[in-house]
Amino acid sequence: MSGGALLSTGKPFTHQSESFHRFALAGNPNCGKTTLFNQLTGSREYVGNWPGVTVERKEGRIKNGSARLLDLPGIYSLSPYSPEEVVTRNCLLKESVDLIVNIVDATNLERNLYLTTQLMELERPMVVALNMMDLLNKRGDRIHIQRLEQELGVPVVPVSASKGVGLERLLTVCSQAAESGGKTGRPAIYSRGVEALVQSVSRELLPEQHMGGARWTAVKLLEEDRLTLSGLALSSSQRRKIQEIRGKLPITRLMDASMIIADQRYRYICALCGRVVQRSEKQWKPSPSDRIDRVVTHRILAIPLFLAFLLAIFFITFGPPGNFLRDLVAWMIQDRFGETLSLALDFAGASGWMHSLLVDGVVQGVGSVVSFAPQIMLLFTLLSLLEDSGYMARAAFVMDRPLRKIGLSGRAFVPMLMGFGCTVPAVLGTRTLENRKDKQLVILITPFLSCSAKMPVYALFAAAFFPAHRPLVIFSIYLMGILMAALTALLFKNTILKGEPAPFVMEMPPYRMPTVKSLWLHVWERLKDFFVRAGTLILGATLIIWFLQSFDVRFSLTGSPEDSILAAIGTVIAPLFTLCGFGDWRASVSLLSGLVAKESVVSTMAVLFSGTGMTLSEVFRPLSAYSFLVFVLLYTPCVAALSAIRREMGSAKWTVVTIFYQLTAAWFVSAFVFQIGTLCGHLFG
C-alpha cells in the first residue's frame with residue numbers, strides 16, 4: 001500500500017462511523033474508473049486496459065477524507081447481459097450507497113451517456129465525472145460543461161484522472177451532493193407518448209415494489225426486463241394491467257419494447273451531444289491508433305506479429321539481460337550470503353544438522369527460487385507494457401477468430417491471458433463468461449498455459465541443458481501449452497461440452513502511454529506474491545524436503561540421501577516416469593513438491609543436489625530434461641489453483657475430472673516426446 005493510504009481492498013471497508021459516506025463509481029469499461037479509484041484512495045489495485053478486468057467490486061477509503069469508494073465493474077448498460085452488469089446493478093439497487101459517481105469518457109460522450117441516462121432513472125444523488133478532458137482538448141474538441149449540467153440536471157465535473165487534475169473539486173462536489181441528498185434531474189428523454197406510459201406503469205405499483213425507485217421500476221417493467229419481473233411480487237391483475245400498457249408501444253417484429261426504449265434514449269443523447277459538443281474544425285485524418293491498428297489487426301500480419309512480440313519478450317527475459325540479472329542475484333544469495341552464513345555457523349560452533357538445515361536447506365532451497373525474481377520482474381514489466389498500452393485488447397480481437405474454431409469467443413482470451421501470470425486469478429476471471437460451458441472449458445484448459453510459478457523450472461533446465469537456445473526452448477514450451485489447450489478445447493467442445501460460443505463484443509481503447517506508477521503497481525503485485533510464496537509455501541516445502549532427505553525411516557540422521565525417507569518415497573513413484581525419461585527418485589519427489597507450489601520443484605532439486613556433489617546432468621539428458629519440462633507444463637496445478645477450480649466449477653466431480661485429465665495428458669505427452677525423440681536419435685544418430 002502506498003504511503004498514507006487508508007485502504008482495505010478486496011474486502012468491504014469495515015469502519016462503522018456514521019460520518020462516512022459511501023460513493024459508488026460506475027462507468028463504461030476503459031473510462032478511467034479504476035484509475036480514479038486508485039488516485040483517490042492510494043490503492044495498489046492494478047489498472048488494466050481491456051473490458052472485464054474488474055470482475056468484482058473493490059472498496060477503499062478516500063485519502064484524508066470521510067468517504068468510502070466502491071469500484072464497480074465496468075459496464076455499458078444496467079440491462080444485464082453479462083456477470084459484470086449484474087454485479088453493478090445489484091449493488092446500486094440493493095446496497096446502501098449515498099452517491100453515484102458516474103465516470104464518463106469525454107472522448108466518447110455519446111456511448112457513455114447511455115449508461116448515464118439509466119443511472120439517472122434510479123433517482124439517487126449523482127455526480128458526473130467527465131474524464132479524459134486532456135485527451136479531448138488535445139484533439140481540439142470542446143464540451144460546454146455548464147449547458148451539459150443544466151440539460152442533465154446533475155453536477156458535471158471535468159477531470160483527468162491519470163494526471164490527477166480536477167479531483168479535489170470532484171470530491172468537494174460529491175460531498176456536497178451526498179450531504180444535500182438531492183435527487184438527480186429528470187431530462188425529457190422519452191417522447192410524450194412513452195413518458196405517459198412510464199407514468200401509467202408507475203401508478204400501478206405499490207410503494208414496496210419500487211426496487212430502485214418508482215421511475216426505474218416502471219421503465220424496466222415497460223422494457224419487460226426479466227430480472228425486474230422475477231424480483232417483484234406482482235399480482236395477476238397488476239401483470240395484466242402492465243401488459244396492457246406495454247401493448248400501447250409501437251412494437252413490431254423487428255422492434256420489441258426494450259429496443260424502443262433504447263432507441264429513444266439514443267435519440268435524446270444524439271440531440272444532447274449536438275447541443276453541448278463543439279467539434280474541432282480540423283480536417284479528419286486517421287489517428288495514431290487507427291494507423292497502428294491497420295498493422296497489428298491486419299488479417300494476415302496480426303497473429304505473426306503477436307507471436308513475434310511474445311518471442312521478443314522471451315528473448316529479453318530468458319536471454320542475456322534476464323540471465324545476467326538472475327546469475328547476479330544467485331551469486332549474491334547462494335554464494336556470498338551462503339558462504340558468510342556458513343562461516344558464521346562454524347564460528348558459533350553450530351551442530352552439523354543445523355548447518356545443513358540453514359545452508360543446504362533454507363539458503364540453497366529458497367535462494368534458488370528467489371534468484372529468479374529479476375526474470376519474473378522483466379517478464380511482467382514487458383507484459384504490462386502491452387496490456388497498459390491497449391495492445392492486449394487488440395490481441396483479444398485478433399484471437400477471436402482462431403478461438404471460435406475451438407469453440408470459444410475472444411472474450412475467453414482475457415482469463416486465458418491472466419493464466420500466464422497465475423492460474424488462480426485466471427480461474428476467478430472466468431466469471432466474466434456468460435455461458436457456463438464456456439466457463440468450464442476455459443477452466444479446464446487454463447492450467448496448460450504456463451503460469452509464472454513454472455518459469456523458474458523452465459529457466460533452470462534451459463540454462464543447464466540448452467544454454468545456446470534458452471529463449472527458443474522456453475518459447476517452444478509456452479507454444480506447446482497453447483497447442484495443448486487448443487486440442488483440449490476441441491476435444492471437449494465436440495463431446496461433453498457442446499454448444500455455440502457466446503457472441504463477442506469488445507471496445508478498442510485508444511493506445512496510451514503506460515504510466516510508471518501503473519507498471520510498478522502491476523509488477524510489484526506479482527513480485528510481492530512471489531516473495532510471499534517464497535517465504536511461506538516454498539520455505540515450508542523446503543524444510544520438509546530437507547527433513548525427509550536428511551533422516552531415514554527410523555528418524556535417524558543419514559549420511560546418504562539414498563537411505564533417506566525421501567528416497568524411499570521417490571523409489572515407489574519413480575517407475576511411473578520411466579517411459580517419460582526421468583525415472584529417477586529425485587525427479588519424482590520434485591514433481592510431488594510442485595503440487596504445493598510449482599517453484600518448489602526448483603527448491604527441492606536445490607536441496608537434493610546441495611552438498612552431494614551431484615549435478616542435474618547426472619540425472620537428466622537434454623531429451624529427458626525437455627520431457628520433464630513438458631510434464632511440468634501440463635500436470636496438475638498447485639493446491640491454491642485446485643481450490644479455485646473447485647470453487648468456480650461448483651462441482652467436486654468436475655474438479656476430479658480436471659485433475660485426472662491433466663495428469664493423464666502430462667504423462668502421455670511427456671512420454672510421447674521422449675520416445676519419439678529417442679527413436680529419431682536412433683534413426684539419425
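This is a predicted model: local features need pLDDT of at least 70, side-chain atom pairs count only at pLDDT 80 or more; totals for chains, interfaces and linings use all residues.
1. The neighbour of β2 is strand β3, residues 67–71, and the two run antiparallel, joined by 4 bridges. Within this pairing, Lys 58 has Asp 71 of β3 as its bridge partner.

2. As to the protein as a whole, the secondary structure comprises 29 helices and 8 strands, and 55% of the 685 residues count as buried. Among contacts with a separation of 6 or more, 74% are between residues 24 or more positions apart.

3. The aromatic side chains deserve a separate look, since the count comes to 19 aromatic pairs, ring centres within 6.5 Å being the criterion. In one of these, Tyr 114 and Tyr 266 have ring centres 4.6 Å apart and planes at 15 degrees, and because planes under 30 degrees apart count as stacked, this pair is classed as stacked. Tyr 114 belongs to helix α3 (residues 109–120) and Tyr 266 to helix α11 (residues 257–276), so the pair ties together parts that are 152 residues apart in sequence.

4. Are the two partners of that pair buried or exposed? Tyr 114 has a relative accessible area of 9%, and is therefore buried by the cut-off of under 20%, whereas Tyr 266, at 39%, is partly exposed, because this value falls between 20% and 50%.

5. One aromatic cluster is formed by Phe 461, Phe 465, Phe 577, Phe 582, Phe 620, Phe 628, Phe 631 and Tyr 635. Tyr 635, a member of this cluster, also has Lys 598 lying over the face of its ring, at 4.4 Å from the ring centre.

6. A last point concerns Asp 225, which is found in the loop between helix α8 (214–223) and helix α9 (226–231). Although this residue is in a loop, Asp 225 counts as buried, because its relative accessible area of 9% is under 20%. Its side chain reaches the backbone nitrogen of Leu 227 at 3.3 Å, which is within the 3.5 Å used for a polar contact.

How values were computed:
Residues are numbered from 1 along each chain as its sequence is written. Side-chain values use heavy atoms; hydrogens and water are left out. Buried means under 20% relative accessible area, exposed over 50%, partly exposed in between (1.4 Å probe, protein chains only). A polar contact is a pair of N or O atoms within 3.5 Å; within protein, one must be able to donate a hydrogen and the other to accept it, and residues adjacent in sequence count only if both atoms are side-chain atoms. Contact means heavy atoms within 4.5 Å. Rings of Phe, Tyr and Trp (its six-membered ring) pair if their centres lie within 6.5 Å; planes under 30 degrees apart count as stacked, over 60 as edge-to-face and the rest as tilted. A charge sits over a ring if NZ of Lys or CZ of Arg is within 6 Å of the ring centre and within 35 degrees of the ring normal. Two strands pair if DSSP finds at least two bridges between them.
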